[in-house]
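Hi there,

Here is the structure I promised to send over.

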Amino acid sequence: MKRYVYINDDESAHDLYCDNRISNRKYTVLNFIPKNLWEQFSRFMNQYFLLIACLQLWSLITPVNPASTWGPLIFIFAVSATKEAWDDYHRYLSDKKANEKEVWVVRNGIKKLIQAQDIHVGNIVWLRENDEVPCDLVLIGSSDPQGLCYIETAAMDGETDLKTRVIPSACMGIDVELLHKIKGVIECPTPNKDIRRFDANMRLFPPFIDNDICPLTIKNTVLQSCYLRNTEWACGVAVYTGNETKLGMSRGIPEPKLTAMDAMIDKLTGAIFVFQIVVVMVLGIAGNVWKDTEAKKQWYVLYPDKGPWYELLIIPLRFELLCSIMIPISIKVSLDLVKGLYAKFIDWDHRMVDLETSTPSNATNTAISEDLGQVEYILTDKTGTLTENKMIFRRCCISGIFYGNENGDALKDVELLHAVSSGSPDVVQFLTIMAICNTVIPTQSKTGDILYKAQSQDEDALVQAAAHLHMVFFNKSGNILEVKFNSSVLQYEVLETLEFTSDRKRMSLVLRDCQNGKILLLSKGADEAILPYARTGQQTRNFVEAVEQYAHLGLRTLCLAWRELREDEYREWSLMFREANSTLVDREWRVAEVCQRIEHNLEVLGVTAIEDRLQDGVPETIETLRKAGINFWMLTGDKQNTAIQIALSCNFISPEPKGQLLSIDGKTEDEVRRSLERVLLTMRITTSEPKDVAFVIDGWALDFALNHYRKAFTELAILSRTAICCRVTPSQKAQLVQILKSCDYRTLAIGDGGNDVRMIQQADIGVGISGREGLQAARAADYSIGKFRFLKRLILVHGRYSYNRTAFLSQYSFYKSLLICFIQIFFSFISGVSGTSLFNSVSLMAYNVFYTSVPVLVSVLDKDLSEETVIQHPQILFYCQAGRLLNPSTFAGWFGRSLFHAVVVFLISIHAYAYDKSEMEEVSMVALSGCIWLQAFVVAMETNSFTILQHLAIWGNLAGFYAINWIFSALPASGMYTIMFRLCRQPSYWISIFLMTAAGMSPILAIKYFRYTYRPSKINTLQQAERLGGPILSLGTIEPQPRPLIEKDVSTLSITQPKNRNPVYEPLLSDSPNATRRSSGTPFDFFQSQSRSSLPNYSRNCKDN
Amino acid sequence: MSSSSAAAFGSADSTAARRNTKRPKYSKFTQQELPACKPILTPRAVISVFLLVSVVFVPVGVASLLASRKVVEIIHRYDAECIPQSNSSDKVAYIQNPSADKTCNITLNVHKHMKSPIHVYYQLDNFYQNHRRYVKSRNDEQLRDSEKWDSTSGCKPEDMANGKPIVPCGLIAWSLFNDTYIFSRNNKNLTVNKKGISWKSDRDHKFGKDVFPKNFQNGSIIGGARLNDSIPFAVSNNYQCMYEIYGSPLFFYEQLSQQEDLIVWMRTAALPTFRKLYGKIEVDLNEGDTISVILKNNYNTYSFSGKKKLVLSTTGWLGGKNDFLGIAYLTVGGLCFFLAMAFTIIYFVKPRQLGDPSYLSWNRNPGGH
């Protein structure tokens, strides 16, 4: 599928492709109502309410005024629809602003100012500095003589550094005036959302350059929503417009996430629905029987002898309507409201503001805060998430000499400084590679300082370090790089750039040394991507050891290498490279293959070691969260040893003898299987012991494990509390999340870079660190935080409170609905099972909408334990994780409570208001008052901390109930005229109400007190301890008994011993699974460092009770 | 891995500073730090609450019970005895026979002094005024507003008779209770005041002063029941008369707001057993008095075996005789006292320190609470 864009052709493309009108809108004015209604009614609950509301229109069966259902239903729908309309209106406004922005476009050979929405595919668009790009353009001209321009892509991928874009070679050198008249064709793929790839070709028509196909890459494009910077002007051909731009295509509403709690609420709703059907059937049958036997004798009801054919259905349907309030219509609105507030609390939280960058935390997804409290697995990225991603050059090893080993900083190592000043050729070459083998852009600030704009932090660190060592990369103009070394200026001309990809794991530069005209290949990359290609005869053992050593210190290593190219070799290769670059299919793979043809026979110069410091508070955060029973997995693209070192230093895994690290590896499928089985066996044996067993697996073995031994790996995943996965690709990260999710674990993925986006989107909760690798992850995530340590507060404070609050709110909503519904059911037994409603329509409607919803909404302020106590005792999170506060058994408790309260209210109302006082309206108001009083006390009793707002809501609501009813009682037209005034004057009314309250609440208080004092949950104990002000001691950290190691058929090795690493490396791009793999051969690691306290063992089965 | 020269090169920081994010506003509410009172269930508080409840409830219960006991009540069931022996085999046929003599004499003995006003109620059993077909079978607009005399929605099947709307329409009005009682003491007539037995608000606002019955009890379908054709007139001198001729005979009707029996009847009862006020006797009755009642046993409760009772009752501050509240209060008060005692004993026998850290052992199965 291809698209042919004819440059500057004013007619042909107009109808073929859409114009540049951007539309993010979900609705139009015309389709808003039907589409929105359709969306709302696609939810089961709404369908149910609509069915009920429609049934109520049939006056024969409706027990109450249809308004009592239609009112709330319309209200709820109006609220949702208004919210949607509001959002959509804002989208419309921003679209309109973008669409009506004026841009310079060539029309009929003349530059004209038109609105952005009128741009068509093939138009030439002119941009000036700081303009926003209106659509996806292929560059054809720029003010820069080399055809470069700089763009900022922050709006697209969140990366704030400038990126260079270059005009295609075919357009190079075309006169500015001629650009208006340029004609040609661009062959490009159909619109897609890959913002990193654009595989196209361009051919210009005569008189420009005839029949020369020029390959285009993403480098030649500027995409919609980027900004042109540091470039006076640029112009380009529109290739994708409107909603078909790369940004437009990648826009999309991610699938809504459903929390475990929502799923539970849905399940309970389903159960209530079934219960309701049963009640309706029983009462329907009873009603029909009563009608046929008794009602015929009750002459005053004047039943006709023969009814219509649907006669048998009438009574069941009436009961269906009467019982429809069992499922509270208000629950959805209430939940949406409180969830919005939970999210706001996260946004507002001052203790989660990153002070360095003053970035507040942000909850993008407002609907899943409860899930935070139920997290069981955290999958974390390493770089930038646990570490600061602030790279600092620490050590290096040049030609076998280690620098920086003594003082930990190579820049201060006198030996290195000496070597630099003496001009040792290896060292100088090493520094040259450090300084120029990269994609860094140096810019000179006004004060004369040189600022580097680097895409990768490692490159930045290397260039900075080289500058410190007097190799200053100070200018890059077009293809010419200028480096100042000890006051002499060296120039290099870049011939080709072999870019870094995560598959190749290295980058190279082919350049011509302007001093002597030699062609050089400079490479830098991961050890396994460089060392295997060392020139035959070079001893790489030194470098392997250096890499080992640095990795053990948790440093990131890069190997630097170079070689000289012969002129003919370069020319031959260059043709292939160009050809590969202009292929449309599998370009990336082809390019990689061609690159490999030249990147061999390298002269390895040395190894650099870059430190990436741990973020503040990472070890404490991990320890606290692990105490809370959360399991951690580290998924990193880094090397195994670096990962293990970082893991050790941040409490991720415990050192021996507390912890045990099992390694799964193997070169072949069979080896991986054996290794996996061995680890699994060890894991099974050790689960019962208080020992932290972790496993480590690398991307290669993981691939086998995921594809061939998924079941065994899944079992391992369940058994293991900790895992380290190194060298994993973004899609493997997502797959791991998928595996844990498939075992019904709640997963949280946290990361900061673009490679974490898939994992973040896949996980139940995605948390992005708004860090240095750009905002890509933060934008895709449900929550974005500034620092890893905020995760503790996010989960333990916000997640836990949200869970507790929603648990109460949802169950309470059912309680109050069931309460009034049970009373209706009881009443039907004394009203001839005919489906009479005891309560009038106004009361029924107001009960759900006003009387009972306000007090419960302030439960969002309730705190069962103070934040400090929770942080101090993170184990308490267990109650949320295991769903202790909302599950069928707690729900049964609320169900029983509502049944009990209904009995109390009903019996007292009908007995206190018997005989001469048994007037329908009065009895109904007595019963309703009883319900209101009871619910106020229930909320009060379930509230743990009363703020002024809670008092206002609970007791104010009670007063509000009387106020509303007095108003209704004052209206002669209302059904309850004077009723409430009469009741309030009767002593028997107040006596009955107090009786109901006391009779309803005292057993509940007694039970609660008994459980609170004699069967306290951990929460209760902490509450008591906290409020009595005593010292809170936790006896959780009991030292486990030392036990002999299980050393089956796996050998144990000390980490301090030299590793017998197999120095055989395989080409990464090789497709053969049988290629030789390095094997670490260290299934067990002893970690010799101080012992740490053990962690509590939670057994998973206790979740079920 | 700690290093002193962490920020040796800080060029990357400039990008971070560019992010223009402002700190969220601070308030106690946004930080969830509103001052809160956090009560806990200490033994002392809980036991005091229970004691307090029992201390309040027991006296109130005693007072309620006394109030109820002070009320003197005479209940006489007459539905069975007012059927002549000859008709006892088919009571329904007797009650439905319009030509049969329904007069019945009963005597009531006053066993205790009764202070005026003495309320005269009729009590019906097994009568479902709250039945769904029945309770809604009325039209309040029509009752209130003479203009709306033809609005009979909801009154089915008693909305029209002979093709014309019925005022008042509906089953409730149609099934109006029509037994009458004439009381005498020592052969001297006892006046029963039938004025003011209904709610004033009903008379003033629910039943219109200019609304007159039309076409009432004139229908062809009388579902097995035999109803009196005319509204029993209240003993009153300010009634207006109006003539309406539907063939013959000639009917006299009073305005609805004066038809207090109808108003009382139309305040439907929530329970199948209920009493409705018939009138008030405004003299004291002495202990030992014999009241003889001449009653017209017109109303059909026989087809559904409902009981009919005549009730004479005084009232107290809690209303009529009803021991329920008193007993319930004593029960709840007693229960709370018992709980308070039980908790006190448990507290002393098995003291339990609140917030005891020994219950915080996380290593045990945390589910075992």
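A residue is called buried when its relative accessible area is under 20%, exposed when over 50%, and partly exposed in between (1.4 Å probe, protein chains only). By that rule F713(A) is buried, at 0% relative accessibility, and F695(A) is buried too, with a relative accessible area of 0%.

A word on the source: this is a predicted model, where local features need pLDDT of at least 70, side-chain atom pairs count only at pLDDT 80 or more, and totals for chains, interfaces and linings use all residues. Residues are numbered from 1 along each chain as its sequence is written, chains are lettered from A and ligands numbered from 1 in the order written, and side-chain values use heavy atoms, without hydrogens and water.

Now the ring pairs. Rings of Phe, Tyr and Trp (its six-membered ring) pair if their centres lie within 6.5 Å; planes under 30 degrees apart are stacked, over 60 edge-to-face and the rest tilted. Over all chains that gives 67 aromatic pairs. One of them joins F695(A) and F713(A) edge-to-face, at 5.9 Å centre to centre with 85 degrees between the planes.

Another edge-to-face pair is F878(A) with Y879(A), whose ring centres are 6.1 Å apart and whose planes meet at 75 degrees. Both F878(A) and Y879(A) are buried.

There are also charges over rings (NZ of Lys or CZ of Arg within 6 Å of the ring centre and within 35 degrees of the ring normal). K111(A) has its charged end over the ring of W126(A), 4.3 Å from the centre, and K484(A) does likewise over F474(A), at 5.3 Å.

Best wishes
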